Amino acid sequence: MPKEPLENDDENCIYGSNFTIRFCDEAEDSFREALTHVTKAKGVSLSGAISALLERKANGQLSGESDEKEGKLPDGSNFRAIKKIPIRCYYWQSKTHKATIFVSHFKYKDQQKLDSRDSQRVISNWWAYEKNSEVER
């Protein structure tokens, strides 16, 4: 049985009509790091575009080529990526916390293939937030 969404002390969540999007530890740092690979102007544009895509996801309005299956989680479900080239936002929909999506991290990508380090990072975050969910974050 899913738990209620996690209480949130910070303002770094996105609240939509369908989901609450929470960011794992270091997700925001990974976004800033990904943006170092593009010009400042492109970074501003990407920030706005990714924010809009995340808001659409929170409201249940995102599908298709911007939101794709990427890999498997230990429970057999999939993690996904929201794509705004050249940035990817890796996330999963929680089975532990009702109506909650966790963003694992962001990555600058100059190739299509999923890097095993990204899979491992998502899986590590999944274990921390799904299986050790009693830990205060």
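The model discussed here is predicted.

Q: In which loop is the place of Glu26?
A: Glu26 is not a glycine, although its phi is positive, at about 75°. The strand β2 covers 20–23 and the helix α1 covers 27–35. The place of Glu26 is in the loop between β2 and α1.

Q: Why is Glu26 classed as exposed?
A: A residue counts as exposed when its relative accessible area is over 50%. Glu26 is exposed because its relative accessible area is 55%.

Q: Is Ala99 buried, partly exposed or exposed?
A: Ala99 is found in the loop between β5 and β6 (100–108), and its phi is a positive value near 55° in a residue other than glycine. Buried means under 20% relative accessible area and exposed means over 50%, with partly exposed in between. The relative accessible area of Ala99 is 34%, so Ala99 is partly exposed.

Q: In what order do the elements of the protein run from the N terminus on?
A: The protein has three helices and six strands. From the N terminus on, these elements run β-β-α-α-β-β-β-β-α.

Q: Which residue in β4 is the bridge partner of Gly71?
A: The strands β3 and β4 run antiparallel and are joined by five bridges. In their hairpin, five residues lie between the strands, and Gly76 takes a positive phi near 95°. Across the pairing, the bridge partner of Gly71 in β4 is Phe79.

Q: Which residue in β5 stands opposite Ile82?
A: Five bridges join β4 (residues 78–84) to β5 (residues 87–93), and β4 and β5 run antiparallel. The two strands form a hairpin with two residues between them. In β5, the residue opposite Ile82 is Cys89.

Q: What is the omega of the peptide bond that joins Ile85 and Pro86?
A: Pro86 is found in the loop between β4 and β5. The peptide bond joining Ile85 and Pro86 is cis, with an omega of about 10°.

Q: What distance separates the C-alpha atoms of Glu65 and Ile82?
A: Glu65 is found in the loop between α2 (40–58) and β3 (67–72), and Glu65 counts as exposed at 69% relative accessibility. Glu65 and Ile82 are 17 residues apart along the chain, and their C-alpha atoms are separated by 8.6 Å.

Note on methods
Residues are numbered from 1 along each chain as its sequence is written. This is a predicted model: local features need pLDDT of at least 70, side-chain atom pairs count only at pLDDT 80 or more; totals for chains, interfaces and linings use all residues. Side-chain values use heavy atoms; hydrogens and water are left out. Helices (H or I, at least four residues) and strands (E, at least two) are DSSP runs, numbered from the N terminus. Buried means under 20% relative accessible area, exposed over 50%, partly exposed in between (1.4 Å probe, protein chains only). Two strands pair if DSSP finds at least two bridges between them.
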